[in-house]
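Trainee: I've got a model open and I'd like to learn how to read it. Can you walk me through a few features?

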Amino acid sequence: MKGATTNICYNLLDRNVNEKKLGDKIAFYWEGNEPGDSAKITYSELLHKVCQFANVLRSQGVKKGDRISIYMPMILELVVAMLACARIGALHSIVFAGFSADSLCERILDCGCSLLVTADAFYRGDKLINLKQIADEALQKCKDKGSPLKKCIVVKHLGREETAVDGTCSKSPPLKRLCQDVQTPWNPAMDVWWHELMSSASTECEPEWCDAEDELFILYTSGSTGKPKGVLHTVGGYMLYAATSFKYVFDYQPEDVYWCTADIGWITGHSYLAYGPLANGATSVLFEGVPTYPDVGRMWSIVDKYKVTKFYTAPTAIRLLMKHGEEPVKKHSRKSLKVLGSVGEPINPEAWLWYYRVVGEERCPVVDTFWQTETVSSCLGVAGAPLSLVLPAGCLWEVTLSPAPALLKRTYSLGPFRPADLLFLPAAGRLKDPSPRWVCKALPLLPGHLLSTAEVESALLEHAAVSEAAVVSHPHPLKGECLYCFVTLRDGHEFTKNLADELKKQVREKIGPIATPDYIQYAPSLPKTRSGKITRRILRKIAKNDQDVGDISTLANPGIIKHLFNNRCDTKQ
């Protein structure tokens, strides 16, 4: 209806509490990194906390259209923060907590964030991540580049209520061990504790009514140019597709307990851990930890603990657990499971069969989904019509994506929408439906994370020893794909293991741990055409040790190919 307005937070919370009477239903079971550290929150409780933080944001001067950066681990406050932004019409820009200070700074600057929400620290397995320290490094970089961001709201996560003002902790087990080494840096001029602001905030907050085309959030994905793109999604189309695709792809039923293992810092987590399930009044599991901590049976113990019925994870996780055999899986019942899902990258046949036979005991259909940050919708077949069905093993389907309401807004955050990033092509002549199709350019998927090789090349080129760099994807038995890098050095520099380690460290610091290369090979020169273009097609062949390099008649230096084959990396450095 012309002139009608909506609010996605109202539809996810107020409507479920007040109209559907789901206030006492569990919205999330939260399972911490450490076994025994857990919590739960009902729809009514979530609504109250979201209203409180929405009021906190308004008290900090945040208004409709402002951009808020969220850099947090997988905790309930992350969901509260993103929904509070949506409630007042502010755009949230969630940055995966595994990204570096440089990556966080780049995203804050690009979308013009006025406020950062983060946490003191968290554990990922047995590794302590001092998130506030990383955030402070990013904020200093932002300040040096003229960012207007003046406020940082910090959640006491490891310390909770018993954390002192200086960040030290006296929490009883199981968290006491976790808090011993946490030192939270503090800037009184900028930093403020989440719990102090929340203590006096009202639990009632009128939502900001929005047009369907109003902007909802910005989420960064790597584009072909190497610079991360802020994909901008709008309220109406995104809400419709996240809700509908969740319901039909996973055959959601009101009694289900659903667990998507993705981090909310990625589009999977946005759509199928937060917005989609909440729009349907579902109960979900929010997991902070990793599949192998404290043992490789952790995921299946969580399935049994919460009686999970619908389980959604990545092939990377499946392959990781496969190598430990069937025993850790079969030690747990898993009788509650009804549907298994796969997301993040194509699932290989071996992983699919193990998932189906061992985890699902040949009684749970496997839903393999395909989509991306720009298109939002989880789909089987055409994105405009998500299907809930099971494909027989060995059945090959062609997936095409029709233009749909959930497709990204017509521009990226601060730049034009370029055909180089998402190609618009006419349908193939053999298709009966003549409507156009969106065909998406493929980028490397590193354990379920989309990453531009150009971004990694840029990080390598910032090292004083490197004159040229080319990065290609390479098959990996657990990750699916990893990075294989070729580097040419400046005069006066020698390629050594120490230099390779320096380069890996540089990429890790510039982008984040997920981008750390597995292989770095020295290349006296790179195969190029006579016009000077690097032939990455050939480099991919070299990385895989595939001697069938095809036509090399256009190369200016075909002799380098044999040298690169003879000196390729055969083992992980």
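**Reading the helices**

Mentor: Start with residues 74-99, where the chain is 50% helix and 15% strand and the end C-alpha atoms lie 14 Å apart. Helices (H or I, at least four residues) and strands (E, at least two) are DSSP runs, numbered from the N terminus. This is a predicted model, where local features need pLDDT of at least 70 and side-chain atom pairs count only at pLDDT 80 or more, while totals for chains, interfaces and linings use all residues. Residues are numbered from 1 along each chain as its sequence is written, and side-chain values use heavy atoms, with hydrogens and water left out.

Trainee: Which UniProt annotation covers residues 74-99?

Mentor: The unreviewed UniProt entry labels them "transmembrane region". Such annotations may be inferred rather than shown by experiment; positions follow the numbering used here and feature names are shortened.

Trainee: Which residues of helix 1 are buried?

Mentor: Buried means under 20% relative accessible area, exposed is over 50%, and partly exposed is in between (1.4 Å probe, protein chains only). In helix 1 (residues 8-19), the buried set is Ile8, Cys9, Asn11, Leu12, Leu13, Asp14, Asn16 and Val17.

Trainee: What follows helix 1?

Mentor: Lysine 21 does, with a positive phi near 55°.

Trainee: At what angle do helix 1 and helix 2 pack?

Mentor: Axes are lines fitted to C-alpha atoms, for helices over the stretch in contact, and angles run from 0 to 180 degrees between N-to-C directions. Under 35 degrees is roughly parallel, over 145 roughly antiparallel, 65 to 115 roughly perpendicular, and the rest oblique. Helix 1 and helix 2 (residues 43-59) pack at about 135°, axes 9 Å apart, so they are oblique to each other. Contact means heavy atoms within 4.5 Å; here Cys9, Leu12, Leu13, Asp14, Asn16 and Val17 of helix 1 meet Tyr43, Ser44, Leu46, Leu47 and Val50 of helix 2.

Trainee: How far apart are the axes of helix 14 and helix 15?

Mentor: Helix 14 (residues 453-461) and helix 15 (residues 497-510) have axes 9 Å apart, at an angle of about 120°. That makes helix 14 oblique to helix 15. Val456, Ala459 and Leu460 in helix 14 meet Leu503, Gln506, Val507 and Lys510 in helix 15.

Trainee: What does arginine 508 touch?

Mentor: Arginine 508 sits in helix 15 and counts as partly exposed, at 32% relative accessibility. Leaving out residues up to four places away in sequence, arginine 508 touches Ser100, Lys127, Pro513 and Thr516. From arginine 508 to alanine 459 is 49 residues in sequence and 9.0 Å in space, C-alpha to C-alpha.
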